[in-house]
Amino acid sequence: MATPRQVAREQMMRDIVRVGREHLATVLPADLSLRAVARDVGVVPSALYRYVRDREALITLLIVDAYDELADEVDTALTADAHLPHRDRLTAAVLAARAWAAREPSRFAILYGTPVPGYTAPGDRTVGPGIRLARIFATLVDDAWRAGELREVDPPSDPVVRADMERLRELFGFQMPVGNVCRVYGLWSAVIGAILFDTFGHYASDTVTDPSAFLRTHVTGLAETVGL
């Protein structure tokens, strides 16, 4: 059972993340202020430093929080659509990620947008949460292989790329062929790029009049590319 001190610390960390999210919606990550966060949490800055040592640590907290919430939302969508064919589940997963980005553009930007000047993400804190979304997509496609819903695609011809994909296949225990692993790795970046274009208005209104319909069509093409 958690002690009162542990409970209080956990609540303080939740409050810091909540207020940090609110500030991130109005200022750039580089302009986040621990003093301003402390003020809105209701403590003096010196007290806040017992929980968050500097601005970089706060940014890391917010990045991990955003990665986890995005992945959780996509996981929830996939659970709700577990009865659908894997191709349709891929579309549902991408649309769930798009919905989160549309609702949380500043948090999506801190994950996949312009790097924060002077900030280097600590790999031991951010890599695990950061690859959750990619693993969700990859696991979905690997499950399709196990279910007989995935066709094998040609392996990469470049020996360096093939070796990289073989290593990833072994690392994550995928059963799908290495060619499909390579296509799925490309799927991840293609999906993020498409959501970035949609979220931040990079499609000209006179070319893409319905971004949601375009994204669905784009995902259909990506599904064919990976073998679904």
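I started with α4: at 1.5 Å a residue its 26 residues should span 38 Å, and its end C-alpha atoms are 38 Å apart, so the two agree. The expected span here is 1.5 Å times one less than the number of residues. Helices are DSSP runs of H or I with at least four residues, strands are runs of E with at least two, and both are numbered from the N terminus.

Before going on, I noted that this is a predicted model, where local features need pLDDT of at least 70 and side-chain atom pairs count only at pLDDT 80 or more, while totals for chains, interfaces and linings use all residues. Residues are numbered from 1 along each chain as its sequence is written, and side-chain values use heavy atoms, with hydrogens and water left out.

Next I checked the N-terminal end of α4, which Asp54 caps: one of its side-chain oxygens lies 3.3 Å from the backbone nitrogen of Glu56.

Then I looked at how α4 (residues 55–80) packs on α6 (residues 105–112): the angle is about 105° and the axes are 9 Å apart. That makes the two helices roughly perpendicular, a label for angles of 65 to 115 degrees. On the α4 side the contact (heavy atoms within 4.5 Å) includes Ile59, Ile63 and Tyr67, and on the α6 side Arg107 and Leu111 are among the residues.

**Salt bridges**

How many salt bridges does a search of the whole structure find? I got 19, counting a side-chain nitrogen of Lys or Arg within 4 Å of a carboxyl oxygen of Asp or Glu.

**Helix α9 and the whole chain**

I also looked just past α9, where Gly173 takes a positive phi of about 70°.

Last, I zoomed out: the protein chain has 11 helices and zero strands. Its C-alpha atoms fill a box of roughly 60 × 50 × 35 Å along the principal axes.

Conventions: Axes fitted to C-alpha atoms, helices over the stretch in contact; angles between N-to-C directions. Parallel < 35°, antiparallel > 145°, perpendicular 65-115°, else oblique. Polar contact = N/O pair within 3.5 Å; in protein donor to acceptor, adjacent residues only side chain to side chain.
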